[in-house]
Amino acid sequence: MRLSTRIALAVGATVPVLVLATGWLLLRLVAADLHDQQDTHLRERAVAVAKDARSLLRASAADRSAAVEQARERRVFTSALDVGVRLIGPEETFTGGPQPAADVALPARARVPVTLRADGRSWRILSTRVTGARPDVRGTLWLFASDTAADTQVRLVRRRAVTVALLAAPLSGLLAWAVATRASTPLRRLQRRASGLDPRSSSTRLDHTPTRIAEVDDLAHTLQTVLARYDEQALRTAEALATARSFASAASHELRTPLMSMQTNLEILTEHPELAGPDRDEVLHDLSREHARLLGVLVMLRDLGRGDLVEADAFGPVDLADLVEASTEEQRRRHPHARVVGHCAPGLRVHGWEAGLRSLVDNLLVNALVHGHTDGQPPQVEVTLRASGADALLVVEDRGPGIPPELRTEVFERFRRRPDSPGSGLGLTLVAQQIALHRGGIRVLDRPTGAGTRVEVTLPLSDGTADTEDTLPLPRNWMITTADRPQEFHKDGS
């Protein structure tokens with residue numbers, strides 16, 4: 001059933017009830033007004049008749065002539081006008097005008113007007129005491145006013161109220177249906193737009209023009225929010241599937257070479273058990289190196305996948321100085337022959353993913369330790385962390401041969417590495433991914449003094465009001481494509 005029909009039925013059922021209730025209240029008010037008018041008239045007649053009634057009682061008590069008594073009786077009935085009179089004296093009762101039958105029992109007293117029902121009629125009655133100077137001049141004066149006119153008017157009002165109620169039902173229903181149909185037009189328009197959306201065939205989303213109808217505009221806003229969340233979730237699902245496919249493809253492609261090399265070396269050891277000396281050591285060394293590379297590729301691919309799939313609730317306040325110092329200390333333990341120097345300003349906090357930031361710093365240091373030295377010299381790496389305006393500036397410098405300007409963009413691409421590099425070619429890709437996730441920037445420069453490479457990373461400092469929804473960029477496709485897109489992170493080119 002349509003909303004306009006429901007409203008019409010509800011109004012059509014409610015309006016007659018309201019009309020009847022109003023009519024009932026009106027009947028009560030009309031009846032009360034009519035009784036007030038009758039009561040006022042009775043009181044006025046009682047005052048006018050009382051003097052003549054006293055004279056009539058005195059004439060009756062003094063045994064005056066019948067002519068005198070009749071004259072005074074006529075004066076009583078004349079002063080009563082249209083009101084019935086019954087004067088009950090000590091010895092005689094005088095009646096005149098419209099009133100109940102003599103056998104109808106009257107109340108003991110009616111000092112205020114009351115209603116008396118007798119023989120199917122309704123009377124408004126009032127009694128008053130009549131007293132004179134003599135003890136035998138005493139009696140009760142009763143006045144009667146017929147309720148017929150009042151009953152007629154009340155019945156007329158009742159019929160009209162019922163008639164109005166019967167007419168109001170269909171008329172109010174039709175009017176409510178017309179108004180509801182017109183009022184629900186924006187809602188039907190919104191429904192048609194929403195029903196026409198098909199994510200399988202079109203990327204168009206709900207386009208709503210404000211109607212200044214709060215309920216319709218709120219519903220449209222809710223639908224737009226739901227659709228936006230659906231789009232975001234669908235995109236995240238598609239990215240997750242693409243990441244999984246890319247992981248499998250990259251793993252199978254990049255692991256094929258070390259696995260085949262390991263297979264060859266194992267076949268040599270199996271087919272030549274007598275192999276000994278330097279040849280056997282060389283094969284074992286190759287196996288160890290390929291195993292390390294295999295493990296490194298798997299770890300890096302796992303970290304890239306984690307970065308592509310990380311959610312906003314994983315982000316929080318991170319003390320960058322503590323993180324850099326911890327990473328520097330770990331690299332000193334792993335590379336005791338190297339010289340790693342750190343200078344970190346305390347109190348620098350960012351809003352970020354702690355595991356991702358730790359991976360960023362670790363890969364920068366490892367890259368500097370692996371490539372940042374010349375033949376025969378131990379690696380020398382200097383790490384500096386300080387504030388730079390609204391950003392934290394992390395600088396990693398090495399004493400290696402440096403990176404040519406034309407290659408400073410390519411080093412961030414996936415699996416891009418030097419021919420003699422023992423790494424996986426994913427370390428700096430992982431760094432670029434974390435820079436993008438944290439809305440930071442990275443530049444590859446020459447070392448200011450002497451040979452070497454200087455990498456500068458900027459991360460926005462946290463002011464305590466970071467919005468996690470704005471932290472994660474879309475799309476996140478570091479597992480799917482290379483990292484050489486300017487919209488995904490900032491880096492210094494040639």
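Colleague: Which share of the contacts in the protein chain with a separation of 6 or more comes from residues 24 or more positions apart?
Modeller: Residues 24 or more positions apart account for 68% of those contacts. Bear in mind that this is a predicted model.

Colleague: Okay. How many helices and strands are there in the protein chain?
Modeller: The chain has nine helices and 13 strands.

Colleague: And what percentage of the residues count as buried?
Modeller: It's 39% of the 494 residues. As for the surface, the protein chain exposes about 27,900 Å², and 56% of that is supplied by carbon and sulfur atoms.

Colleague: Switching to helix packing. At what angle do helix 8 and helix 9 pack?
Modeller: About 145°, and their axes are 9 Å apart. Helix 8 covers residues 354-371, while helix 9 covers residues 427-437.

Colleague: Is that crossing left-handed or right-handed?
Modeller: Helix 8 and helix 9 cross in a left-handed way.

Colleague: Which residues make the contact?
Modeller: From helix 8 you get Gly-356, Leu-357, Ser-359, Leu-360, Asn-363, Leu-364 and Asn-367. Helix 9 brings in Gly-427, Leu-428, Leu-430, Val-431, Gln-434 and Ile-435.

Colleague: New topic: where does UniProt place the "transmembrane region"?
Modeller: The UniProt entry, which is unreviewed, puts that feature at residues 161-180.

Colleague: What does the model show for residues 161-180, helix or strand?
Modeller: The span is 100% helix and 0% strand, and its end C-alpha atoms lie 27 Å apart.

Key
Residues numbered from 1 in each chain as written. Predicted model: local features only at pLDDT ≥ 70, side-chain atom pairs only at ≥ 80, totals over all residues. Heavy atoms only, no water. Axes fitted to C-alpha atoms, helices over the stretch in contact; angles between N-to-C directions. Helix = DSSP H or I, 4+ residues; strand = E, 2+ residues; numbered from the N terminus. Left-handed = near helix turned anticlockwise from the far one by under 90°. Contact = heavy atoms within 4.5 Å. Buried < 20%, exposed > 50% of the residue type's maximum accessible area, 1.4 Å probe, protein only. Areas by Shrake-Rupley, 256 points an atom, 1.4 Å probe, with all protein chains shown as cover. UniProt positions renumbered as here; feature names shortened; annotations may be inferred.
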